[in-house]
Amino acid sequence: MLRNSDVVAARERIRSGVARTTCPQSFALEAHAAGRFHLKTEFRQRTGSFKDRGSLHKLLRLGPAAREGGVVAASAGNHAQALAYHASRLKIACTIVMPVHAPLIKVAHTRGYGARVIQTGETLSDGMALVERLARQEGLTPVHAFDDLDVMAGQGTIGLEILEQVPDLTTVIVPVGGGGMVSGIATVVKAQRPNVRVIGVEAAASPGARESLAAGKPVHLENSDTLADGIAVKRIGDLAFPHLATLVDDVVLIDEEQITRAIFFLLESERFVVEGGGAVSVAAVLEGKVEFGPADVTVCILSGGNIDMNLVSRVIDRALWADGRLARLAVIVRDRPGYLNEVTALVAIEGANVLHIEHTRAFGDISVGKVGIELTIETRGHDHVATIVAKLRELGHRVEELS
């Protein structure tokens with residue numbers, strides 16, 4: 001088992017190589033739950049995630065022969081980038097095995113830091129066989145993304161900073177993939193402040209920790225497909241499991257829509273760009289997965305920000321649709337001059353904005369003498385959309401809101 005002293009020693013080793021990330025208060029989150037909330041901004045590390053800490057600590061603990069031979073790891077992206085960056089800085093050769101569908105930004109950055117990248121399999125676990133083969137054939141030293149005590153000690157330094165930054169802490173909420181970060185944090189928090197709750201959060205599509213705790217041992221998941229790719233792990237770590245079992249108070253699950261809402265909330269309310277795996281801690285608060293009282297002081301760890309911008313665009317659109325601030329209306333009007341203008345003028349008068357418009361006559365459900373207008377509009381929300389629909393129907397038009 002990891003000890004508090006191991007984490008304290010790790011902090012001294014990595015102090016000059018990683019950022020002491022901020023932990024600002026979140027007034028926006030306090031509007032959704034009782035108590036005070038802070039956000040630990042680990043996405044502001046040099047390579048965009050908390051993985052800088054564990055990767056650097058492991059590299060600094062390698063002996064001369066291992067440094068000379070080089071390292072190899074399997075990673076969905078954050079561990080890959082961190083290991084590649086710090087290995088390059090320390091002049092250690094680095095090979096990374098990544099899933100074939102790893103986010104492009106993570107693959108590009110890993111190569112940009114000088115690592116040899118090999119893409120294979122669907123998840124982190126699928127690449128482990130290749131890591132083992134490369135280690136045998138090329139004499140490389142494997143650096144596990146989470147199931148390594150040196151890595152866990154490095155991640156645990158987040159907990160030391162939180163205890164200093166938020167001395168009246170009562171709850172810390174931690175994203176859980178393989179379990180390395182939550183194990184390290186729980187080790188120091190429970191050693192120094194045993195009454196503080198440590199809550200883990202997993203994607204419901206990748207519930208390895210929950211299922212392992214229920215089974216009393218690490219279990220293998222057949223599927224692990226989630227928007228939170230940074231915590232999409234088919235099997236939690238053997239070394240992490242006893243820490244989860246003895247030190248973590250609860251593990252809650254967040255579904256894909258809830259992750260999407262949390263990413264959008266952080267974008268809109270905090271101006272933070274956070275990936276799915278990093279946003280699950282906030283999702284747990286927004287979705288009421290954890291109970292809080294007025295005296296609670298909670299830190300949510302935002303563990304990473306390496307999200308593809310194309311995905312950010314889709315998340316924004318999806319969240320705006322769900323909130324009613326984007327809507328699509330199908331309107332059937334008489335095919336006469338002025339009717340299109342009548343529809344768009346009403347939308348404008350009601351204070352909405354037309355983003356896209358399509359005008360068709362050829363569909364079978366539109367009679368001769370009628371025309372179909374499909375509008376994408378920007379509104380203030382569901383009530384605003386309902387008002388616009390009602391006003392269009394008052395004019396005698398057939399209107400349907402499209403999903």
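How many of the 13 residues of helix 9 are buried? Let's find out in the viewer, keeping in mind that this is a predicted model.

**Stop 1: helix 9.** Select residues 180-192, which form helix 9. Eleven of its 13 residues are buried, so the helix is largely enclosed by the rest of the structure. To see them, colour Gly180, Met181, Val182, Ser183, Gly184, Ile185, Ala186, Thr187, Val188, Val189 and Lys190. Now try the distance tool: the end C-alpha atoms of helix 9 are 19 Å apart, which agrees with the 18 Å that 13 residues should span at 1.5 Å a residue.

**Stop 2: the cover.** What lies over those buried residues? Show helix 1 (4-14), helix 8 (149-165) and helix 11 (240-247), which are among the elements covering them.

**Stop 3: Lys91.** Move to the loop between helix 5 (78-89) and strand 3 (94-98), where you will find Lys91. Is Lys91 buried or exposed? Its relative accessibility is 74%, so Lys91 counts as exposed, the cut-off being over 50%. Check its backbone too: phi of Lys91 is near 65 degrees, a positive value in a residue other than glycine.

**Stop 4: Arg271.** Next, select Arg271 in the loop between helix 12 (256-270) and helix 13 (276-286). Arg271 is not a glycine, yet it has a positive phi of about 60 degrees. With 63% relative accessibility, Arg271 counts as exposed.

Methods
Residues are numbered from 1 along each chain as its sequence is written. This is a predicted model: local features need pLDDT of at least 70, side-chain atom pairs count only at pLDDT 80 or more; totals for chains, interfaces and linings use all residues. Side-chain values use heavy atoms; hydrogens and water are left out. Helices (H or I, at least four residues) and strands (E, at least two) are DSSP runs, numbered from the N terminus. The expected span of a helix is 1.5 Å times one less than its number of residues. Buried means under 20% relative accessible area, exposed over 50%, partly exposed in between (1.4 Å probe, protein chains only). Contact means heavy atoms within 4.5 Å.
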